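Subject: Handing over the structure, with notes

Hello,

I am passing on the structure that we talked about, and below it you will find my notes on what turned up in it. Please keep the structure open while you read, and look up each place as it is named.

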Amino acid sequence: MGVSSRIGVFICRCGTEIAKVIDTKSLKEYAENLPEVVYAAEHNFLCFKEGQEFLKDAIEKHKLNRIVIAACSPRLHEITFRRVLEKAGLNPFLLEIANIREQCAWVHPNDPEGATEKAKHLLKAAVLRATTLEKIKEISVPASFSVLVIGGGIAGITAALKLAEYGFQVYLVEKNATLGGKVLQLGTVFPTEDCGVCMVPYVLERHRKCLFKYVQMVLTHPRIKVFTKSIVENVEGFIGNFRVTIRKNPKYVNEEKCVACGICEEVCPIEVPNEFDLGLSTRKAIYLPSPHVVPRTYIIDENHCNRCGECVKVCPFNAINLDEKPQRIELNVGAIIVATGFKEFEPKGIYGYGTYPDVITQLMLARMLDPSGPTGGRLVRVSDGKPPSKIVMIQCVGSRDPKTNPYCSNICCTIALKHARNIKELYPEVEVTIVYKDIRVAGKNYEKYYTSCEELGVRFVKGEVLSVVRNPESGMFEVELESYGKRMKLLADLLVLSCGFTPSNGIRELAEVLNINLRQDGFFVAAHPKLAPIETNVNGIFLCGAAQGPVYIAEAVNQAIAASSKVAMSLAGGNIKTYLTKAIVNENYCIGCRVCEMSCPFNAVKVSSQGISKVIETMCRECGICAAECPAGAMQLRNYRDEQISATIMGVLKG
Amino acid sequence: MRKKLLCCDKIKQCSIKLLFACRTTTSPRCTAISVNVAFCTCGGVLEKYVNFNELEDYVKRNRNVVNVKKYSALCTYESEKVIQDFAKSGAKTLLVVACSKYICLPMLEKAANNLGVDLAGLVEFVNIREQCAWVCNGRREATDKAKLMIVAELERAKELKPVKKLRFKVKEAILVIGGGVAGIQASLDLANQGFKVYLVESSPSIGGTAALLYRTFPTDECDCAICVKGSKMAEVIANPNIELLTYCEVKEVKRYPWGFKVKVLKKPRYVNYDKCTGCGICAEKCPKIVPNEWDKGLSWRKAIYIPFPQAIPFKYTIDSSQCLHFTEGSCNICEEVCPYDAIDFNQKPEELELEVGAIIVATGLEEYDPSSLPQYGYGKYKDVITQLQLEKLLDPLGPTGGRLVRVSDGKPPSKIVMIQCVGSRDPKTNPYCSRYCCMEAIKNSILIKTEHNPKAEITILYKDVRAYGRLEEFYVQARDKYGIKFIKGEVIRVYEDKPGSLAVEYQDPLGNICSISADLVVLSCAIVPKESSKKLAKILGIELDKYGFFKELDEKVSNVETKVPGIFICGACQGPKNIPETLVQASAAAMLAAFHVSQYLEKKLSPPILDEELCARCGLCTISCPYNALTLTEKGPLVDELLCQGCGTCASICPNNALNIVNNTNELMLKQIEAVINEAKSLKKKVLITLCCEECAHTLMDSIGFYRKKYLSEAVPIFVPCLGFLSISHILAALNYGADGVLLVGCPLERCHFEQGARIAKRKVELIKKVLEEIGLIPDKVEIVNLSATMVERFLEASNKLAARLLSR
């Protein structure tokens, strides 16, 4: 374009693979007469070392500046031939490949004349397109060697630690006042039946570490900065250079001064239900959600604090400030990892939940069975504190249900079995029945729960629950269900609902701030379940853990490590490198209509305040949608500009 | 690997000897180290619970203490001052008497880093808050307990030596064993970060099981497997950082401090790699026909072959076990017709030696062979096939060109029955669930309905439909939209009810025996580990789990690591899983491997020190080490510092006391116990020596304090790295010195952080009780509790019982 081309056409015989069908000699002669072709040659194996040498020599000898290769599929050797061009001093994108093997010789083996004719069309198309090829640069954009991790549960903490070990500066943002997420509430976890707080070993250590001990390291790691009670308010920019605004909400207690001595708690007059124990215990307005949280510093619940000031008077370190205001912090990061986790579905009004205190969820049961929980690990009825005698667990509450959530929540079967087994081991006389649709404990580590539950005498009933009523005289719940076509009734004095899991609060707002996609069910969605299970539609933003959907701890940890791998891959070397085969705006034609900005699925086009569109090259994924949508013809996709596509079509037609 | 423990008699002998031979030994104090003691009052709050003045005086009386100071908040704003004062004091070691070690230590280390001071093992802690003030009844009790805890730690502080650190870097290259999707993903992740990767694959092409597949779940309408395998496989060959070694096997691996030396055997293809163009003339003319493994035996290939049309590398290979030239000595046809002179019958296997810093094992899976379960009729009836065989029949590039037909007569089937859990969830074959087969059946059923025969009657006989997570929607679709029948039942047998027609007999959950007729039966077979895993595990020095899959370091938090640092596992070879899960795991393994080879690795060493003169070369230490870190040589056991975790199991099992852990010697333990008991005597207090492991037990002792629960103040904790470190002589010595009881607190039996320490300790306690009984002493003076860090109530129960038993006498 503008430069007179000196095109070299190289026809590969591929041994006999192409030559046995296509008359390569006549193809060469045809090529010699095409516009701007100054040299044409045949060769047996262009991809071989010897063939590549031949190419390079020809380029240099005949001063070629555009190369057309008629050979096998570009999927196989485009990269190889591009390297040859580079070695010969040409821009690697001044290459056009015509596929005359897979798309010609191999599919018309019995029609050599037709195949040769078709090859001529393909060749002319390639030559005409070659005249339009432009040099494509590689750019290198400096990237910030830092990462923002949103969410401080086990996935977020794992990702933060791995990245910090790797040398990145990490900012860990958690919306609650303390880190740890759900694992701290679980008591014991499967498949290992130990506390949820065990963590990955340090690099060379081969033994697990206690989360409580290890996460303390998160707070003191030189490369990790933790912001608790904070949310991400705004994100601008692009991979390598995200500008993030964080709002740090007040805890009213200075983390750096508080030593958790507990005097404040003693004098606080307000007592309210403790959410950490799902209401099974109480706490003060100034409190620690649980002694195992990190950072272990007190927090004030502003919704219940009456500002009496007693705590302020007694604190030996003057750590309390009732007038603390929210702060805004600006950060510059290279990549973002979303690890926002999940929450338990609240079964309001389902099977008597909310009406009767003895209808509880599995998470509440977990708090009860937790040896350090509100009942010290003793299983009791919430209403009267007496031990239950008949327990019925109902699976799939809020899962596999078109009325609430159609998906399966993956882990609830294993949770129920874990609890059932626990209960039977501690209280063998208690009857435990599980009403289920399918028992989904899939994998090598989990089936053992099912078999041992059966051995311990847990009863499994496959069926659909029709209704739950409480008999006021006996005080028992009557669970009516249909199983294999028959109606039956189960009695229980403690009803446990295995609830599904939904995305954490605040996800929709976060998705808008980050401009990443949510699925219909509200969880974040990865770019492709197989090719890109950790990436999102925005370059530089990655997902891990239950933010994508409920998962086992092992899976969440692996995803977190994989996410840190993707971050390392993107930001390695401190630069984001990319070839500029990207969309580009002709500013003279741009009318500022914003159609490109709105139609880009990857957040790669932004219209400036002056009303001119600009492509963020490191985010562009070269799909071409913006170019197709642009009403003014201002947006073009390099290497696939309108005139280039026209040239290809003309070549194919004119033959 | 089951370790044999000492036999009962030997222990009895040893322990009786020790019981009567134990005398207190005090080493000359003038060679002990000077100690700086720092107290913290937690803003003055702890003054209410503990008499600090008394403690300060108490400590000053000790000859080794050169400096004592009281602070108010040494975990926050005074942390740097503590370090500065320590540096100025001229003392060698620092004893911190404050709150939990795991709160103070990181803060002090951070402060030390800021000031350029290296604390490295020279600091010890006494927790007078969670383990004393908050759990005792009253100031007197708490102060006395504090003294006892301090005296124990002073003994240790006097003998602390700086901990050595190993700092090294391994070779920046990684070996990936296995070229399926897991190996391919891991290789690409690493290569794209700039690392050199050797990808070794034992078959002639990469691709693995995924290369067999036509379509895969979970994308809508199930996308084509080629999208995954094609693009990723092509990337592998194009990436200059990946050296692809196909038709190669790993023969030997030797571990060195800088990494691994790997011997790889390059099997002969009998075809010259550089000359072969993949033209195929040889295969056309080859006279020997062989069942095609890639089409699961449903079609044929020649003895010279390319595994499948998208094979990478696209080079021919001669299967010498079938090739007539090798089996009968005749036939040179391929050599004669090859236009490029690429056949070389004289090709020899080559040995390559690679040097790498890390290894990732991704050797994949095999489909369980159901012929060993005769009730399903596989192998007996031609129309009983497996899911992977069905996959090939549905594949447009497969042996029937994508026409779904019966193997017996080539007619399209109209009544298909799929049987789930063949070889899975079965205590007689494989007790685990293979995770992918429910979805495989659903996917294939939907494909049959949409692409082949919408009128086909398809029934899936299942135990549970495990379409977990978002896969549920495919189950709902299959059932409601496509009318696929799902019946729960236990299959009894598959039989031929009339010629050319099959029937499946099953028992439904209500006990009825039913039968469904079928013209095609598809078995959803289990995923099993490859046969070659056993040999490879031995070569690498890693373990297999009880099912034969490679054993992960921890099922919960680290399922890509193994016990050997630098060797990682991923994919189906670790356990059954589907493709998206495999890819995530492969990326995780790649990340950890990348870190391992690119960073300077640091390890704080606490290895056992050997006294060669005492060593009897019995080898007990070597077999008892959970990390295989000891090798027995002529001079005694040699420690591999990289593998050693400092748990002390070897030291405790040595009958001659020849091994001692740095900073945790056996003699130190005895001194600590003796010091505590003597001090208790002088305070006229009873004492229950509470030996706690540093892992679960330490956090548990802290937890009890968090919850402000009270327990007997006579229980004085002394910490050890692992309960496995304790030997019988320690416990008996405690009793001999006059302890009122000994309580061991450690991790739950199955969850010891050092594998077996907790269990070994429990065995020892049981043996001790027997010994005590035999020699006429009270057996229940010694007790052990195995609890995790949150089991506060259980500890209180156990300790109250002990108190009632022992202290009221």
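I begin with a detail at the end of a strand: B:Lys266 stands opposite B:Glu350 in β15(B). The strand names follow DSSP, where helices (H or I, at least four residues) and strands (E, at least two) are runs numbered from the N terminus. Before going further, please note that this is a predicted model, in which local features need pLDDT of at least 70 and side-chain atom pairs count only at pLDDT 80 or more, while totals for chains, interfaces and linings use all residues. Residues are numbered from 1 along each chain as its sequence is written, chains are lettered from A and ligands numbered from 1 in the order in which they are written, and side-chain values use heavy atoms, with hydrogens and water left out.

Strand β10 (residues 259-266) of chain B is joined to β15(B) by 7 bridges, and the two run antiparallel; strands are said to pair if DSSP finds at least two bridges between them. Together with β9, these strands form an open sheet of 3 strands in chain B, in the order β9-β10-β15 and with antiparallel pairing. Because β9 (248-256) and β15 (350-356) of chain B stand at the edges with a single partner strand each, one side of each is left without a neighbour in the sheet. Neighbouring strands here are turned by 20° against each other on average, direction ignored; axes are lines fitted to C-alpha atoms, for helices over the stretch in contact, and angles run from 0 to 180 degrees between N-to-C directions.

Another open sheet of chain B has 5 strands in the order β8-β7-β6-β16-β27, and its pairing is parallel. Its edges are β8 (242-246) and β27 (567-569) of chain B, each with a single partner strand, so one side of each has no neighbour in the sheet. From one strand to the next the twist averages 20°. Strand β7 (residues 196-201) of chain B pairs with β8(B) in the parallel sense over 5 bridges, and there B:Val197 stands opposite B:Ile242. Helix α14 (residues 533-540) of chain B packs on this sheet, touching β6 (173-177), β16 (358-361) and β27 of chain B, and its direction makes about 165° with that of β16(B); contact means heavy atoms within 4.5 Å. Helix α15(B) lies across β6, β16 and β27 of chain B as well, running at about 170° to β16(B).

Further along, β30 (residues 630-633) and β31 (residues 636-639) of chain B run antiparallel and are joined by 4 bridges. A hairpin connects β30(B) to β31(B) through 2 residues, and the bridge partner of B:Leu632 is B:Pro637 in β31(B).

**Where the chains meet**

The contact takes 121 residues from chain B and 98 residues from chain A. Between them the two chains bury about 9200 Å², 59% of it on carbon and sulfur atoms, where buried area is the accessible area (1.4 Å probe) that two parts lose on being put together, summed over both. There are 8 salt bridges between chain B and chain A, a salt bridge being a side-chain nitrogen of Lys or Arg within 4 Å of a carboxyl oxygen of Asp or Glu. In one of them, A:Glu447 pairs with B:Arg466, and the closest N and O atoms are 2.6 Å apart. On the side of chain B that touches chain A, α15(B) gives the most, with 14 residues.

**Other places to look up**

Over all chains, a search of the whole structure finds 87 salt bridges. A:Glu96 forms one with A:Arg129, with the closest N and O atoms 3.0 Å apart. Since A:Glu96 lies in strand β4 (residues 95-99) and A:Arg129 in helix α5 (residues 112-132) of chain A, the pair ties together parts that are 33 residues apart in sequence.

Most residues other than glycine have a negative phi, and most peptide bonds are trans. A:Glu36, however, has a positive phi of about 65° although it is not a glycine, and its place is in the loop between α1 (24-32) and β2 (37-43) of chain A. A cis peptide bond, with omega about 0°, joins B:Ile312 and B:Pro313, and B:Pro313 is found in the loop between β13 (304-305) and β14 (317-318) of chain B.

With best wishes
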